[in-house]
Every structure is written in C-alpha cells, then in structure tokens.
Amino acid sequence: MKKDLSLKKTALRRELWTGMLLLVVAALTLEATSLIQYYFAQKSITEIASKRAEDNLENAKVDILNILNQVETAINNDIWMVRACIPIRDTIWKVAEHIVKENPAIVGSTVAFVPGYYKDRPLFSPYSFKNTETGEITHKSLAYEEYDYPTKQWFTEGLTHEDGFWSEPYLDVGGGDIMMTTFSMPVRDYEGTIAAVVTADISLGWLKSIFDDVIIYPESFSMLFSREGKIMISPVETLVMHNTIQEVSKQFKDTAAMKDFTEAVLSGKSGNLKVHGGKSFSNVYFAPIERTGWSMSIVIPNDQIMGDIRKHNRMVWLFQFVGLLMLLLILLAAHRNQKKYKKLSENEERMEQDLVIAREIQMSMIPKTFPPFPERKDIDLAAKIVPAKEVGGDLYDYFIKDEHLYFCIGDVSGKGVPASLVMAMTRSLFRAVSVHEKSPRHIVNAMNESLTDMNEQNFFVTFFCGVLDLSNGHLRYCNAGHNTPIILTDTVKKLPIVSNLPLGIIPDFDYQEQDTNIIYDDAMFLYTDGVTEAENVDHRLYGEKRMEDILHIRRSPQDHLKAVYDSVDVFVGEAPQSDDLTMLFIHFTNEALKNPSQWRLTLRNDIGQIDRLTEFIEMIAQKINLDPELAMSINLALEEAVTNVISYAYPEGTEGEIKVDAIVRKDSLRFTISDFGQEFDPTATPEVDTSLALEDRPIGGLGIHLVRKIMDRVSYKRQDDMNILTLTKTIREDNGSNN
Amino acid sequence: MEVIIEKNEDITTVKFIGRLDTPASQEVAKTLMPLERDANGTFILDCEELEYISSSGLRIFLSLRKAAAVKGGNVIVRNINNSIRNVFLMTGFLNLFEIE
C-alpha cells in the first residue's frame with residue numbers, strides 16, 4: 001500500500017515536469033512568433049521613416065525655391081530698365097537704388113560693368129544697399145582697386161550664366177554674422193553685347209527657420225551644404241559658415257560612408273545611406289537643390305526610428321511573460337487538482353480532468369462572443385467549434401484591423417492532444433503574421449514557412465485565410481488545401497478556389513491568392529470536413545449536398561450554424577462524432593454596398609417567357625433612364641439571344657434554366673446570358689449577307705445578325721458546363737442625366 | 001398582338017397592332033400562312049401600329065415577300081416607325097420591300 005502511494009507521487013511529479021517542459025516549449029514558440037513580428041514591423045517602420053524624410057526634403061526644397069524665385073523674377077523684371085539706362089551712365093545709380101528700394105527681400109544691388117565698356121571709366125559699378133532696420137539706402141562705388149570686382153565669383157559667373165547664377169554663401173561683412181548670397185545675371189545692351197552684370201544680395205536668415213520645421217524624430221536633424229561643401233545649416237552652430245563637409249567628414253570613424261556622403265553632396269545626388277558610429281548607425285537622406293548647387297540632408301539615428309517598435313516589443317514580451325505566468329499558475333492549479341482527484345479516483349478519471357482543463361485553455365484562445373462586433377452594422381458573423389474528443393485540431397479566428405476583417409479556418413491533421421498543440425501554434429502564427437500583412441498570400445506563405453520549419457512530426461494543416469475590406473467589399477483570400485467555402489449571393493455556390501497545398505508540407509511553396517467582390521447581403525460559410533464527413537451508423541457521409549440545401553434558406557449567422565449543426569446531428573444519430581467539426585458564417589451587411597445597378601432574371605426554356613424578358617429590359621431602361629429607341633434595340637438583341645438559347649441549348653421536351661444578368665456601369669450595359677444546355681456558340685454562325693437579292697436571301701439567321709449589329713461586343717465562352725454569352729452595349733456617359 | 005386582314009379585290013391589307021416578338025410571331029405566322037397560297041395580288045402590310053419586330057416577325061415578312069415574288073404578286077410595307085425602319089436597315093430589308 002505504501003509503495004503504491006509513493007509510485008503515484010512519482011507519477012504526479014513526472015507530470016508536473018512534463019507540464020513545465022510544455023511551458024518552456026510554449027515560451028519558445030511565443031518568442032519565435034514575436035521575433036517574426038518584430039522583423040516585419042522593423043521593415044515597415046524603416047520604410048515609413050524614409051518616406052517621411054524624402055517628403056520633408058521635397059517640402060524644404062519647394063519652400064527654398066519659392067523664395068529664390070521671387071528674387072530671380074524681380075531681377076528679370078528690372079533687366080529692361082538697366083538696358084535702357086546703359087547709354088546714360090549716371091542713371092545707373094538710380095537703377096541699383098530702385099532695385100533695392102522696390103524689393104523687400106533684396107538688401108543690396110549693383111550693376112557692374114565689363115571693364116572698359118565705358119571708354120573713360122575702366123571700372124564702373126554703382127552699389128546700393130539698405131539698412132535692414134531703418135530701410136535707409138546708402139550708395140557706394142565698388143570700382144576701387146582693393147576690391148577688384150572683375151575677379152569676384154558673382155561677376156565672373158554672372159557674366160557666363162545667361163539665366164543667372166547664385167553665388168556661394170558668405171557672411172555679411174560689417175552687418176553682423178548674417179549668411180548672404182548673391183544672385184547675378186548678365187545684361188546686354190541694345191547691340192546685343194554683354195555690358196554688365198546686375199546683382200541682388202539677399203540674406204539667408206530664413207533658411208534656418210525652414211530647416212527648424214524639419215523635425216521627424218526628436219533627435220533627427222537637418223543639414224545644408226553649399227555647392228563647394230560649405231556648411232550652411234547644422235545642429236552644431238559653430239560649424240556654420242566656418243567649416244566644410246570635407247573637413248567635418250574626416251572626424252568620423254565610418255570613413256567609407258562619409259566619403260560616399262561627401263561625394264553625393266558635392267555632385268548633387270539624391271538618395272540615402274547608413275553611417276555607422278558607436279553601437280548603432282544613422283540613416284542619412286539627401287537631395288540637391290539644383291538651382292543653387294546646394295545639398296540638403298536629414299539624419300535620423302536608427303534608435304529613433306526603432307524607438308516605438310522597441311517599446312512595443314517590450315510590451316509584447318511583458319504580455320507574453322504574464323501569459324506564461326498564468327499558464328504556470330494553471331499548471332500548478334491543475335497539478336493541485338490532480339493531487340486531490342488522484343486520491344479519489346482512478347488513473348483514467350485524472351486523465352479526463354486533465355483534458356477538461358486543456359480544453360478550457362484551448363477554447364479560451366478562440367474568440368467566442370457572438371455577435372462579435374455588436375457596434376458594427378456592416379458585418380455579422382458566428383462560429384462554432386465542436387471537438388470530437390476533449391481537445392481538437394480545428395481552429396478558426398477573426399479580428400478587425402484598419403477596417404479589414406481578417407478571418408481564417410483550419411484543420412490540423414490528426415486529432416486529440418497532438419493536433420491541439422499544432423492548432424495552438426497555427427492560431428498564434430496567424431495572429432502574429434497578420435499584424436503586419438494585408439495580403440492573405442503573404443500571411444499563408446509566412447505561416448507555411450514557420451510551420452514547415454517546426455514540422456518534425458509530419459503533421460499538416462488545411463487552412464483558408466481571407467481579408468475582407470469592409471469599406472468596399474473587396475475580398476482577398478488564399479486557400480491552403482482546405483474545404484472550399486460556400487458563397488451565398490443570390491445563389492449558393494462554391495467560392496472559386498485554387499486549392500494549393502496544406503500548410504507544413506513544402507517550405508517556400510508560393511501560395512496563390514485570389515479575390516472577388518462581395519456586396520450587401522452576401523455571406524460566406526466556411527467549414528471543416530467534420531461537417532461534410534460526419535458519419536452515421538451505416539458509415540454514410542453527411543455530404544455537401546445536405547449542407548448546401550440548408551444554406552439555401554437565409555437566416556442569421558447564428559441560426560445558420562444551428563441549422564447546419566442540427567441537421568448533422570439528426571443525420572449522425574447514435575453514431576459517435578468521428579472528427580472535429582468547425583463552422584464559420586460571415587454575413588456582409590454594409591448597406592452602402594447595395595448594388596442598385598445589377599439585376600438578374602431567371603427564365604425557363606419556354607418561348608412564352610420572352611414577355612418576362614421584355615418586362616425585365618423595360619424595368620432596367622426605366623431605372624437608368626435609357627432612351628426608348630435604344631431600349632428597344634437592346635430588347636431586340638436580348639430577345640434574339642435568349643430565343644436562340646431556348647431553341648437550341650436544351651433538347652426538345654427537357655426543362656432548363658436561363659439566367660440573364662444585367663450590370664449597368666457609367667458608360668456601358670452588360671448582359672450575361674448563361675444556361676446549362678448543350679454546347680452552343682451563336683457567335684460561330686456565319687455572317688448574313690444583307691446585300692443578297694430576294695431569291696437568294698435565306699429565311700433564317702437574322703437573329704444573331706441583329707445581336708451583332710445592335711451590341712458593341714458579343715462574346716461566348718463555355719465554362720463549367722455552361723454556355724455564357726456576354727453582350728455589351730456602350731451608352732453615352734451623360735445618358736440619363738439628360739433625359 | 002393583333003392582326004387584321006382586309007381583302008378588297010386583289011389588294012389584301014394586313015394591319016399589325018402591337019409587338020411582333022417571338023411568341024407573337026408563332027401565332028401570326030399561322031394566321032398569315034393561308035395568304036401565301038395565292039399570293040398573286042398586292043399585299044399592303046400596314047405597320048402604323050406595329051411597335052416592335054423581332055427576327056421571327058421579319059421571317060414572316062420575308063416569307064410572304066418570297067411567296068409573292070414566285071406567284072407574281074407584290075408586297076408593300078406601309079407606315080413603319082423609326083425603330084422598325086432601323087431594324088429594316090440593319091437587316092437589308094429596306095432593299096427587299098417597297099416601303100411607303
């Protein structure tokens with residue numbers, strides 16, 4: 001007896017250790033998923049930073065050019081006056097004064113003549129400048145030997161740049177340490193000879209305020225360099241106008257990057273590069289201002305870009321830690337419970353208790369509040385999961401992010417505890433990957449990658465993932481070998497799918513994504529094979545037909561699931577449930593996406609039904625204000641096409657259905673006529689020759705001729721045992737508004 | 001759809017009232033069949049109140065026109081509206097019939 005007890009104790013302890021081991025595995029899985037998440041987040045956040053930097057550079061450039069253009073325009077506007085004054089030398093003084101007086105931005109101006117232009121005055125350059133505080137204008141001549149204006153850059157470059165030249169920035173001598181630049185351009189006399197250079201000096205004090213606005217991150221900063229590399233803007237004020245990029249870049253350790261950077265700045269390139277320093281690096285974005293030869297840069301320390309995401313990641317880790325702690329508590333609680341039950345019951349009972357707890361844990365991973373989004377009017381859904389054993393390998397999940405509904409359903413091969421562990425992993429992966437991905441293809445590819453990596457037990461997961469844009473009904477989806485979902489529009493049919501492969505089989509498998517548009521009142525039913533392969537005592541399967549028949553009647557999502565489940569339950573009867581059963585029903589109720597310009601008519605293959613077709617066309621014509629003559633032509637074409645189908649598609653005496661779908665767009669009307677009859681391509685019939693004489697004219701063949709004449713496009717295809725004839729008529733864009 | 005046939009010596013006037021679409025044509029073809037038997041006179045097809053015609057209606061017209069041509073008769077189409085004139089144009093019927 002005593003020995004027995006100690007054996008039980010050992011077993012208990014062993015289980016606790018197994019539990020602990022599982023906990024460690026769970027911790028590792030969580031860690032892996034958060035690493036994946038971190039990687040994607042980092043990628044997208046760097047892209048955002050670079051976009052912001054580029055936008056800011058572009059904005060700064062626009063601001064700068066705006067101001068410089070004003071000065072250029074002012075000088076261009078006054079050129080004629082300079083030219084007119086050339087013959088009367090002394091009036092030139094007035095011209096310089098006028099330029100300074102009339103343009104607030106210009107603080108000084110001269111008209112510097114080409115040496116020897118005036119025979120009696122080898123050098124002549126009257127200069128006017130204003131006191132920026134009092135506005136008082138002073139005049140002086142620049143034609144003195146020590147200054148020697150013909151050697152100055154503004155003069156030599158101004159002579160040769162027909163559309164003007166911006167000088168290197170310089171500090172205003174005597175007027176404080178204001179950064180200045182001079183715009184100069186040549187002036188021709190009436191003979192067409194270059195006589196002088198006219199200039200405008202402007203202060204660049206405003207530059208700093210433009211770059212002060214460029215703050216993307218608290219510790220990012222901007223720089224501006226002149227054509228020759230002189231530092232014009234820098235967070236280190238002492239460098240401004242005193243040093244050049246060539247000098248400063250020598251002080252950095254990352255000489256290679258700084259060399260590239262210096263070269264890019266001096267040659268006026270745009271782009272970005274990384275400069276390493278210390279433990280981290282900075283992203284440097286640069287772009288030129290071609291007009292002045294300047295180069296702007298924005299420097300963002302990488303830590304700044306990653307700051308938020310790191311904070312976020314720390315939070316994720318914290319949550320994970322709390323989650324694991326809770327798991328540990330559950331484990332301990334379970335262990336305690338076990339101890340209690342152990343004393344009272346047999347081994348089997350304890351196992352069951354274990355599984356009940358496991359089931360609770362598993363079920364708590366799946367959203368189960370219905371309706372899940374009571375505050376939303378555009379979407380309603382319901383889901384149900386019934387494991388065959390206490391725990392199962394089926395899963396579903398959904399959530400809304402950025403006005404997109406992400407949803408999935410899946411089925412892990414096998415059942416019971418092993419399947420349930422893979423299920424938990426799959427579901428966590430779905431959440432982790434879809435945080436940063438809008439494309440089901442990318443989500444499924446990433447999940448497959450991870451599951452294949454971890455797959456040593458040769459399990460696989462059939463999986464279907466969809467992302468529905470709630471604002472416009474655009475549904476993107478990707479199927480990984482899962483049962484084809486049913487789409488409920490005005491019919492009940494399978495969603496067209498590419499089946500691809502289940503997850504976990506082939507790494508690098510590129511899953512194909514598909515898409516469709518759904519509108520108001522469309523719905524989708526997703527299920528696992530636990531529904532269709534439910535067996536009754538005679539080993540018969542429930543099948544798709546029974547399921548689809550139930551879906552034909554429209555109910556609320558909850559009622560739909562109940563109806564299907566009840567029907568399976570009745571069918572199965574006394575037989576034990578053989579597989580996990582999961583269903584997800586999504587009802588799209590965005591009223592904004594009612595499609596008022598889409599209609600359908602279903603006809604029997606009876607000539608008498610033509611009257612209904614006529615009513616149908618008349619109804620559409622009225623709805624869209626179609627011109628009566630055009631409506632009649634369209635009616636005629638449709639009647640001919642449908643008569644053809646009634647007469648030829650279905651053999652005499654058999655019943656068949658013909659669907660006429662009309663879609664009205666702004667500039668076109670499109671009709672699709674489809675039937676399940678024998679293959680018949682009306683477009684393959686030969687053209688009727690309408691120029692034949694009476695005796696040669698055949699009686700028939702006019703129907704399809706009229707269809708061709710009236711419609712702008714007629715095309716036929718055979719698809720899924722259906723004849724599909726599409727007729728398109730272009731209508732004037734202003735049709736309707738005029739009538 | 002209603003068809004009124006009036007015979008006056010060797011001039012037969014057929015008045016069409018309503019829509020001559022596929023279902024209506026089946027009935028009208030039966031009604032007009034006997035006329036083809038002795039089509040040596042003049043037929044006036046009065047379309048003043050014919051609102052619409054489909055290819056099956058055109059077949060009736062063409063069939064009568066052919067019968068008349070063989071028997072030495074004549075077919076005159078009268079008072080067609082614009083839509084029907086357009087259908088006649090698309091099918092080359094304007095050249096086959098005397099239109100008034």
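The exercises below work through helix packing and the chain contact in a predicted model.

Residues are numbered from 1 along each chain as its sequence is written, and chains are lettered from A, with ligands numbered from 1, in the order in which they are written.

**Exercise 1.** Describe the make-up of chain A and the confidence given to the complex.

*Solution.* Start with secondary structure, where helices (H or I, at least four residues) and strands (E, at least two) are DSSP runs numbered from the N terminus: chain A has 16 helices and 27 strands. Next take burial, a residue being buried if 20 or more other C-beta atoms, placed from the backbone, lie within 10 Å of its own, exposed if 12 or fewer, and partly exposed in between; buried residues make up 35% of the 739 residues in chain A. Finally, the predictor gives the complex an ipTM of 0.93 and a pTM of 0.40, while chain B has a mean pLDDT of 91, with 100% of its residues at 70 or more.

**Exercise 2.** Determine how α15(A) packs against α16(A).

*Solution.* First the geometry, with axes fitted as lines to C-alpha atoms, for helices over the stretch in contact, and angles running from 0 to 180 degrees between N-to-C directions: helix α15 (residues 628–648) of chain A and helix α16 (residues 702–710) of chain A pack at about 140°, their axes 8 Å apart. That makes α15(A) oblique to α16(A), since angles under 35 degrees count as roughly parallel, over 145 as roughly antiparallel, 65 to 115 as roughly perpendicular and the rest as oblique. The crossing is left-handed, the term for a near helix turned anticlockwise from the far one by less than a right angle, with clockwise giving right-handed.

Then the contact, which requires C-beta atoms, placed from the backbone, within 7 Å: α15(A) contributes residues including A:Ile634, A:Leu636 and A:Ala637, and α16(A) contributes residues including A:Ile704, A:Leu706 and A:Val707. By class, the contact divides into 8 nonpolar, 4 polar and 1 charged, where Ala, Val, Leu, Ile, Met, Phe, Trp, Tyr, Cys and Pro count as nonpolar, Asp, Glu, Lys and Arg as charged, and the others, Gly among them, as polar.

**Exercise 3.** Characterise the side of chain B that touches chain A.

*Solution.* Begin with the counts: 21 residues of chain B are in contact with 23 residues of chain A. The elements of chain B that give two or more residues to this side are α1 (22–37), α2 (55–71) and α3 (82–91), and the largest share, 8 residues, comes from α2(B). By class, this side of chain B has 8 nonpolar, 9 polar and 4 charged residues.

Conventions. Predicted model: local features only at pLDDT ≥ 70, side-chain atom pairs only at ≥ 80, totals over all residues. Contact = placed C-beta atoms within 7 Å. pLDDT = per-residue confidence, 0-100.
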